[in-house]
Amino acid sequence: MEEEENLIAAAQNIVKALGSNRTLTDDARKILADLGSQLSSITRVSEPQDEGASETEEQFIELEEEFKLVHSKVMNREVGKLMIWDCGQEEAYEYLRYVDQARKLIDRLESLNLVKGSKEDELLRKAHDLLQTAMNRLEEEFTHLLVHNRQPFEPEHMSFRSSEDDTLDDGSIVSFGDDSVEDSVVQRDSMSRSSEEFIIELVHLDVIPDLRCIANLMFDSNYGRECSQAFINVRKDGLDDCLFILEVEKLSIEDVLKMEWNSLNSKIRRWIRAMKIFVRVYLASEKWLSDQIFSELESVSSVCFAEASKASILQLLNFGEAIAIGPHQPEKLIRILDMYELLADLIPDIDAMYSDEVGLCVRTECQDILRSLGDCANATFLEFENAVASSISTNPFPGGGIHHLTKYVMNYMKTLIDYSKTLDELLKGHEKEDSVDMAPDREDDNADRRCYVSPLAQHFRSFTSILECNLEDKSRLYKDESLGHLFLMNNIHYMAEKVKNSNLRTILGDGWIRKHNWKFQHHAMSYERATWSSILSLLRDEGLQNPGSNSISRTLLKERLYNFYLAFEDVYKSQTGWSIPDSQLREDLRISTSLKVIQAYRTFVGRHTNNISDKYIKYTADDLENFLLDLFEGSPRSLHGSHRK
């Protein structure tokens, strides 16, 4: 104590001397600086402390020691360039334990009432820096695991693809200005409408627990946004790859609107198949993966799934929007209905996957596109009626066969039967005003004529009526009345047969078939009358008597036969070039004509055998009968030069 008192006294003298002396030599300054250094190195005698302060000091020391250990373990992984999970699962999970320990250390430090600038506060800052370093590493590891364990989208999941996509016979309805329309052209794509979801492995199953552990730790450490964004970025790329494999192009609305129909038709078919497989297989698998990784994080899975997939599904829907706002061309209707029905079928799946608020934009967009496609289908269907009515011809159809407009309309309606339920819904509010009068004929029973007729049936009846009016106009283009009747007979018979032998029968009814059977038969009789009445009148006896006598004039008889042969030859020459495509109808008309003509010829020649020599008989009845078999083949022939002398 005496030494301490002497030291204090010396110090007081130094202080007193410094107070009275404002200038010091360099030597003095040096001595005083040495004194200061010695004082700073002298250990201060501990003053008595309270028990609480001692415990805080001990707690800090423990935290500091724990930090040093965690820091060493975490920073050791920053030295090497290898990914932690590439070094084995044991090392990976040890790293996770130390990172979690750092997180808990921060929680404990933050629970203390730290004074800013204190050593505890400094330790907290260092711990936060260490945790951020670890989180950056875990984000890299998380991304690495997702990328390097991606499973390829195997071809077997794409069995819907077919080389038929780009063939000419593509199931579309071609323009009714095309003479090449065939019955087989109009057909809908075969497409299962009850396909179940099919989950595939987008990421190797073995790493999902590791991904889940990383995600949980990053979210617990308040680095959830970074984890989510890493997942979203990687999975966005995966979804883009899927669309590429499905051959879905990124097309703007302007690109689609400028596209030629053949190319657009192929792209619609590819879209239909891609949309189905994308939603039912790929998105379903994407949702499953997201749910597995973020299973313990409440709504995080929905957010990550929606954000990762939103751009891709909206890209697909954007194509649907482009189709919906395009021109209402009748040949597009089948494809538009395919798109509408598929999207309607997929919306429950889409709504279930995007059920949260974050998926609202996708759900809303789907409903908007569905509504737009429905409006487009409805407008296109109604435009078809206008197109049929306005189909004008300036030249008669060659040979009087089945006009391509007739094939187009009937095949169009036949194909639309597959969409009857959808069309009945879409056409509500667009029923025909005279729907009661258009009810099916029911002459064979006492059923109420005011029965319900579906909107589709009403429009189909309207289509056929408009078609018949159009055909009547086209028949007037023929200079030969007979050919006009043959044309109507062919086309109305085609209509009746198409209805009778297809599901159109359930829409238009047996009464419609009976009515049109009568119509084509009426035109067949009108053809016979227009063609043969004047010719057969030459085989009557009226006007053959000699003046003032009841005897037959041989001169008049020879003239009648000569005129008959000329007329028959003219018919043969022209009507062998006419066409009756239906073999049964052709045979029936030949038989009916033969019965009338051959019977009249046999009777006439037989009755006047004694009045005319054989040299004036050019053709026997059998000859004429054989000649009639050449009619309606669509290839003109001539009998000149083949007559018997």
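Student: Where is the place of Asn222?
Tutor: In this predicted model, Asn222 sits in the loop between α6 and α7, the latter covering 224–245.

Student: And is Asn222 buried or exposed?
Tutor: Asn222 counts as exposed, because its relative accessibility is 70% and the cut-off for exposed is over 50%.

Student: What about phi of Asn222?
Tutor: Phi there is positive, about 65°, although Asn222 is not a glycine.

Student: Which place does Phe632 have? I'm curious about its phi, too.
Tutor: Phe632 is found in the segment after α20, a helix that spans 621–628. Its phi is near 70°, again a positive value in a residue other than glycine.

Student: Is Phe632 buried or exposed?
Tutor: Phe632 is buried, since its relative accessible area is 1%, and buried means under 20%.

Student: Back to α6. At what angle do the axes of α6 and α9 cross?
Tutor: Helix α6 (residues 208–220) and helix α9 (residues 261–293) have axes that cross at roughly 55° and come within 8 Å. That angle is why α6 is described as oblique to α9.

Student: Which residues make the contact?
Tutor: From α6 there are Ile208, Leu211, Arg212 and Ala215, and from α9 there are Trp288, Leu289, Gln292 and Ile293. Sorted by class, the contact of α6 with α9 has 6 nonpolar residues, 1 polar and 1 charged.

Student: Which residues have the most contacts inside the largest nonpolar core?
Tutor: Those are Phe142, Met275 and Phe460, in a core of 177 residues. Helix α9 turns up again here: the largest share of this core, 15 residues, comes from α9.

Student: What is Phe460 in contact with?
Tutor: Leaving aside neighbours within four places in sequence, Phe460 is in contact with Phe381, Met413, Leu416, Ile417, Leu504, Ile507 and Leu508.

Student: Zooming out, how many helices and strands does the chain have?
Tutor: There are 20 helices and 0 strands. The chain has 645 residues, and buried residues make up 46% of them. Among contacts between residues at least 6 apart in sequence, 81% join residues at least 24 apart.

Student: Where is confidence lowest and where is it highest?
Tutor: Helix α2 (residues 26–41) is lowest, with a mean of 56, and helix α16 (residues 481–500) is highest, at 97. For the chain, the mean pLDDT is 83, and 79% of residues reach 70 or more.

How values were computed: Residues are numbered from 1 along each chain as its sequence is written. This is a predicted model: local features need pLDDT of at least 70, side-chain atom pairs count only at pLDDT 80 or more; totals for chains, interfaces and linings use all residues. Side-chain values use heavy atoms; hydrogens and water are left out. Axes are lines fitted to C-alpha atoms, for helices over the stretch in contact, and angles run from 0 to 180 degrees between N-to-C directions. Helices (H or I, at least four residues) and strands (E, at least two) are DSSP runs, numbered from the N terminus. Angles under 35 degrees count as roughly parallel, over 145 as roughly antiparallel, 65 to 115 as roughly perpendicular and the rest as oblique. Contact means heavy atoms within 4.5 Å. Ala, Val, Leu, Ile, Met, Phe, Trp, Tyr, Cys and Pro count as nonpolar, Asp, Glu, Lys and Arg as charged, and the others, Gly among them, as polar. pLDDT is the predictor's confidence in each residue, from 0 to 100. A nonpolar core is a set of buried Ala, Val, Leu, Ile, Met, Phe, Trp, Tyr and Cys residues joined through side-chain atoms within 4.5 Å. Buried means under 20% relative accessible area, exposed over 50%, partly exposed in between (1.4 Å probe, protein chains only).
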